[in-house]
Amino acid sequence: MHGIYDPLLTCLSVVVAFLASFTALEGAAMLTTVTSSRRRHVWLAGSACAMGMGIWSMHFIGMIALTLPISVGYDIDVTAASLVLAILAALVALATVSRGQLSVKRLLVAGAIMGTGVAAMHYTGMMAMRMSPSIDYDAARVALSIAIAVGASIAALWLAFRLRDSRREYIVWKRIGAAAVMAGAIAGMHYTGMSAATFADGSLCLSTQKVDANTLALTVGVASTAVLIGTLWIFGMQASRLSASLERATQTIRHLGTHDALTDLPNRVYLMAQAKDLVRRIADTGEALAVLFIDLDGFKAVNDTLGHRAGDELLRLAAMRIAACMRKDDVVARLGGDEFVVVATGLPAAERVDAADAIARHILASLGEEFVLDGAVPVRVGASIGIALAHGEGAVFDTLLSRADCAMYAAKRGGRHTFRHFEDGMDASTLRSLQIQRDLHGSVVHEQFDLVFQPKLTVDGKVMTGAEALLCWAHPVLGKVPLFEFLPVAERAGLMPSIGDWVLRRICAHIVEWDREGLAPLSISMRLSASQFNLPRIVERIDAIVAAAGVPPQRLMFEIGEATAMQDVERTRRVVAALRERGYAVALDDFGMAFSSLAHLKDFRVDQIKIDRTFMDDLDDTSLRGSALLSAVMALARVLGIVVVAGGVETVAQSLKLLALDCDQMQGAAGGTPLAGHEFRRAMAAPFAAGAKVAPT
């Protein structure tokens with residue numbers, strides 16, 4: 001017995017399959033955006049019902065499209081069972097693609113379960129016809145239909161997973177194309193399964209409680225289409241809500257971009273964006289504007305002693321106090337670190353100085369009160385404030401900010417916890433400091449740095465034992481900037497690690513050049529700054545630079561300031577041991593400045609200690625105090641096998657006393673001033689350097 005397919009119903013079945021596939025893709029995308037566990041379960045169940053009903057409807061519409069020469073009906077119970085199987089298969093699919101990563105194993109297992117469920121739904125639905133004699137199936141085609149179902153399920157799961165991110169470009173069109181592919185696969189499985197069925201001549205439909213085929217066709221078509229369209233409408237509503245959430249998230253991101261994360265005050269970006277409006281306002285109204293640059297006094301001490309957590313809490317409390325001092329239209333911003341800026345607008349032009357002074361006094365009084373940090377820790381800090389004023393036309397906000405910064409430095413030098421107005425004749429050193437701070441960042445890029453070498457000599461001055469590499473900066477405007485002037489600025493700006501790398505590379509380049517010329521193999525030392533020494537992998541970082549240059553580690557010595565070494569004794573011990581294990585020599589610089597250094601000198605196991613220059617001043621004293629202290633230090637060093645270098649030796653008298661005390665080496669003006677690279681090369685070739693050797697370790 002053969003049947004005929006109705007082309008309209010056949011097309012309708014494919015359309016329903018397409019809607020079911022598109023619903024599945026949208027459902028997978030929506031499920032990934034639901035964070036609530038309860039709502040997720042509700043969405044998962046609803047999406048599975050919609051998708052399962054769509055697949056089931058496609059199946060029955062396809063069956064009804066087949067017109068047999070006998071009256072056909074469908075058993076209600078078996079038909080309902082096939083619907084449950086379709087929903088369960090959809091549930092497996094959506095649960096798989098909406099969580100975590102889709103591994104190959106999970107994809108194959110879930111695809112096999114879903115495909116088997118769809119095939120079971122199909123053949124259970126055909127059982128609802130209750131044919132007599134029973135439907136005869138071609139085993140090969142049945143197997144093929146199941147294979148198509150499993151393959152289509154795996155492809156559907158993969159596509160749904162890949163297209164669940166709604167932010168991808170052309171995502172709607174990609175889902176439409178994927179839904180078309182999935183619909184074709186589902187329809188292919190159905191009609192392959194139908195082609196496997198053979199109805200015997202004279203067959204009868206024995207379904208009890210049967211539903212008329214035409215009634216079922218109308219009910220299934222209308223209901224499934226309504227459910228699928230309704231589901232897509234719900235997804236659209238949810239997408240609208242997500243769009244609103246995305247807009248709120250965008251606003252939050254925009255807020256984070258213009259406000260400080262720690263204090264929630266406007267940041268530099270926001271301040272500079274408002275600058276034009278602020279300046280234009282005073283030009284239009286004729287009123288005055290005051291820029292107050294605020295820097296907390298004593299913040300670094302709190303941060304270093306109590307930790308960064310306490311420092312952050314102090315900054316938050318300080319920001320709240322500063323904001324509480326502001327008037328309605330004033331702007332307060334945090335520039336970074338412990339620096340804040342207040343822009344006071346609407347000041348009467350004739351009384352602008354008094355008005356700005358009143359604001360500054362209010363802020364100082366507020367910040368001068370005791371802060372109580374977490375853990376009931378009371379601390380006191382002050383503030384230094386610089387003020388720059390402008391009124392009328394021609395004001396430039398960048399200039400005002402720079403002038404207020406300059407005045408703040410003058411306030412710090414004036415005793416701290418006070419304020420100063422910018423003056424045209426303000427101390428030139430403040431402007432110089434600002435210029436150094438501003439230009440230091442580009443100094444390495446523009447190759448303004450160079451090295452000079454301070455010789456180390458035996459105390460009798462007869463043999464050069466090595467040299468210390470010192471950094472010098474030839475500023476294009478300021479000329480030669482002393483090391484003590486720009487080094488603290490570089491340390492605060494976080495530039496010392498990169499500058500230190502540059503110094504080490506330059507030292508290695510010099511050593512390679514000197515060795516090529518056959519000069520004496522002297523040991524060259526460099527000082528590791530506090531920020532450089534505290535880098536997590538400082539030893540590996542040094543190794544990489546030295547190895548790249550091909551310089552033996554024995555040619556290098558690294559000096560560590562005593563204060564730096566005492567910050568974390570256990571870490572210092574590990575780093576020193578690692579450096580010496582690799583062949584580098586290590587010196588403890590500024591020895592005598594930290595109170596507990598003698599107790600840890602044995603643990604550090606350094607190769608050399610450099611006596612702080614303050615000890616040299618005592619040698620010029622007529623008392624024996626300085627000599628006694630040096631004698632005790634050198635006796636201890638002898639026991640530990642450590643070389644002693646006296647730093648800052650300025651006079652012949654000092655060198656003679658050091659010679660009498662049997663000091664090992666000296667460094668300072670008495671032994672020679674720092675030499676540029678070419679000058680030091682000539683000194684290495686001089687007769688007195690002929691006996692030069694690497695400093696003993």
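This is a predicted model: local features need pLDDT of at least 70, side-chain atom pairs count only at pLDDT 80 or more; totals for chains, interfaces and linings use all residues.
Good morning. The buried residues of helix H5 are Val 142, Ser 145, Ala 149, Ala 152, Ser 153, Ala 156, Leu 157, Leu 159, Ala 160 and Phe 161.

H5 covers residues 139-162, which makes 24 residues. From its first C-alpha to its last it reaches 35 Å, close to the 34 Å expected at 1.5 Å a residue. At the start of H5, a side-chain oxygen of Asp 138 comes to within 3.0 Å of the backbone nitrogen of Ala 140.

Setting aside residues up to four places away in sequence, Arg 130 touches Asp 75, Leu 204, Cys 205, Leu 206 and Ser 207. Tyr 74 is 56 residues away along the chain, yet its C-alpha atom and that of Arg 130 are separated by 7.5 Å.

Our next stop is helix H3, which spans residues 76-97 and contains Leu 91. With Val 84 and Leu 88, Leu 91 makes a nonpolar surface patch of about 240 Å². Leu 91 itself counts as partly exposed because its relative accessibility is 32%.

Why does Asp 260 count as buried? The reason is its relative accessibility of 14%, since buried means under 20%. The side chain of Asp 260 is joined to that of Thr 263 by a polar contact of 2.7 Å. Apart from residues up to four places away in sequence, Asp 260 touches Leu 265, Pro 266, Asn 267 and Arg 334.

Finally, I come to Ala 676, in strand E25 (residues 675-676). At 22% relative accessibility, Ala 676 counts as partly exposed. Which residues does it contact, once its neighbours within four places in sequence are left aside? They are Leu 451 and Val 452. The C-alpha atoms of Ala 676 and Asp 450 are separated by 8.4 Å, although these residues are 226 residues apart along the chain.

Thank you for your attention.

How values were computed: Residues are numbered from 1 along each chain as its sequence is written. Side-chain values use heavy atoms; hydrogens and water are left out. Contact means heavy atoms within 4.5 Å. Helices (H or I, at least four residues) and strands (E, at least two) are DSSP runs, numbered from the N terminus. The expected span of a helix is 1.5 Å times one less than its number of residues. Buried means under 20% relative accessible area, exposed over 50%, partly exposed in between (1.4 Å probe, protein chains only). A polar contact is a pair of N or O atoms within 3.5 Å; within protein, one must be able to donate a hydrogen and the other to accept it, and residues adjacent in sequence count only if both atoms are side-chain atoms. Patches are made of residues with over 30% relative accessible area and no salt bridge: like charges are joined within 9 Å, nonpolar side chains (Val, Leu, Ile, Met, Phe, Trp, Tyr) within 5 Å. Accessible areas come from the Shrake-Rupley method with a 1.4 Å probe; for residues, only the protein chains shown count as cover. A salt bridge is a side-chain nitrogen of Lys or Arg within 4 Å of a carboxyl oxygen of Asp or Glu.
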